[in-house]
Every structure is written in C-alpha cells, then in structure tokens.
Amino acid sequence: MASCCSLSFTAVSSKPNKPYSSPISSSLQLPILPFSKSSNYTLLQTQCCKIPLPNSPTFLYDLVHIAAGDLLRAEIAADTENGRRAKEYMDKGQLVPNEIVVTMVKDRLMRPDSQEKGWLLDGYPRSLSQAVALKEFGVQPDLFILLEVPEEILVDRVVGRRLDPVTGKIYHLKYSPPETEEIAARLTQRFDDTEEKVKLRLQTHYQNVESVLSLYQDITVQVDGSVSKEEVFAQIDGALSQLLETK
C-alpha cells in the first residue's frame, strides 16, 4: 500500500535535475502529501536549504528521498520474512501492518544522511496509527504539502510507470518514455502498479486520509498536482521559499 504515495506526483514528476550536495544552512522539517479528492499521500520531513544551480536562477533542495514503498519492495526482493508478509497485504491493496513498516521507516530516518540533510518521506504515513507513531518518534514537520489530483489521472500515472532495472531510472510510457528501444525492451513494471491494485490502494486511501490529514491541518499547503511537473515544482518551491523566509 505504501507505493500509493507516488500516484499523484512521483510517477511523472521526478526531480528536474539532480541536487548538489551542500552544507545545510537552515533547518526545515517538511512533509509532502500527494492527495486529491480521489488520490493518495506522502509525508516529508527535512532539514534543507536552497541550492543555486550554476548559471541559472533555479534552486533545488538537498533532501534525502525516502520512499516507504521502495523500502518494502527491497524487503520483498530479498525474500525476507517481513517482505513475504508485506507482499500478502500489498497484493490485496491493504496497509502493511505497523510492526513491519514503522520500524523500517524509523531506521531509515535515523541514518546519518537523513539526520544531516533532512528527508522527504514518500508514501508514509498511511494511517492515523502510523502518523501517531511518527509523532511519538519526535517527527514534527513544518509543512505538509497536499497534492490534489483526479483519480483517473492517478491511475493513468501509475499503470504507465516503468523501471529501468539497469539504471534505476523511472519512466512513464506516456509522459516520460524511454530514450531508446533498447531501454524500452528491458523496462519492468512493479507488481503492484496494475490498475486493479491501484484502485484497491485508493479504496484503502479513502478510508484513512481524513484521519491522517487531521494531524497536519494547521501546516497544510494545497498544490494542484494535475499540471505539469514543472508547474508542480514551482508551486512547491514557492511554499518552501516562503517557509524558509520565516525560519
């Protein structure tokens, strides 16, 4: 169920450029939640600063991207006990039990890179109990970004998503197709990126989203996630810039 977080944003809105490493000059804790009247969500917390790109007015944020879905899929690929248990729930579009995913996410957040740079937590929390667990760990975000996307767009973005197993790059058959036929031939689809499983995940999302939002309503910023990735980035950049000015 964790992969549901990338439905409205990550699937077709990857970072426009790779961020540079940089000393952190300001503290920012920030969650991003892709959501819609029929969508999904993500949480992000971070310490970050704006990093100017050479010879460009563009700025990027030096954050560690942590996708709960990727953590779970790594366990599944490694055929661990937790991975096998998680897959049973993910195949049904259900939330993976907290005892599996909470510890996994917490351990990743505690790594040195996350502590030094801050992080974007993608695909978590998925329920009120998970959100409460984060709070108990001392995770208190400064900003919660709510991406609003119609359900038909979410399904289209996920079903068309493909992974290059050689480079790890994410493509989309419609929005970001592979550069060559050779790459296209080796692309793979995540086992939970089918239309049936996406709609199951959305049903679970609807049952949990309001309770999750209730914990972050005072720091929520709404973003139109149905537009181009450049426009989405501009909206988020504006929200982060405003927050940094107040820090």
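Trainee: Where is Asp 79 found?

Mentor: This is a predicted model. In it, Asp 79 belongs to the loop between helix 1 and helix 2. Its phi is positive, about 55°, although Asp 79 is not a glycine.

Trainee: Is Asp 79 buried, partly exposed or exposed?

Mentor: Exposure is read from the relative accessible area, and over 50% would count as exposed. Asp 79 has a value of 49%, so it is partly exposed.

Trainee: How should I read a nonpolar core?

Mentor: In soluble globular proteins, nonpolar side chains tend to be buried together. Here the largest nonpolar core has 28 residues, and Leu 72, Val 105 and Tyr 124 touch the most other members.

Trainee: Which elements give two or more residues to this core?

Mentor: Among them are helix 1 (68-77), helix 2 (81-91), strand 5 (119-122) and helix 8 (195-214). Helix 3 supplies the largest share, six residues. Another core lies apart from this one; it has twelve residues, including Tyr 61, Ile 145, Val 223 and Ala 239.

Trainee: How many residues of strand 6 are buried?

Mentor: A residue counts as buried under 20% relative accessible area. Strand 6, residues 144-148, has four of its five residues buried, and is thus mostly covered.

Trainee: How many bridges join strand 6 to strand 9?

Mentor: Strand pairing is read from such bridges. Five of them link strand 6 with strand 9 (residues 220-224), and the two strands run parallel. Within this pairing, Phe 144 stands opposite Thr 220 of strand 9.

Notes:
Residues are numbered from 1 along each chain as its sequence is written. This is a predicted model: local features need pLDDT of at least 70, side-chain atom pairs count only at pLDDT 80 or more; totals for chains, interfaces and linings use all residues. Side-chain values use heavy atoms; hydrogens and water are left out. Buried means under 20% relative accessible area, exposed over 50%, partly exposed in between (1.4 Å probe, protein chains only). Two strands pair if DSSP finds at least two bridges between them. A nonpolar core is a set of buried Ala, Val, Leu, Ile, Met, Phe, Trp, Tyr and Cys residues joined through side-chain atoms within 4.5 Å.
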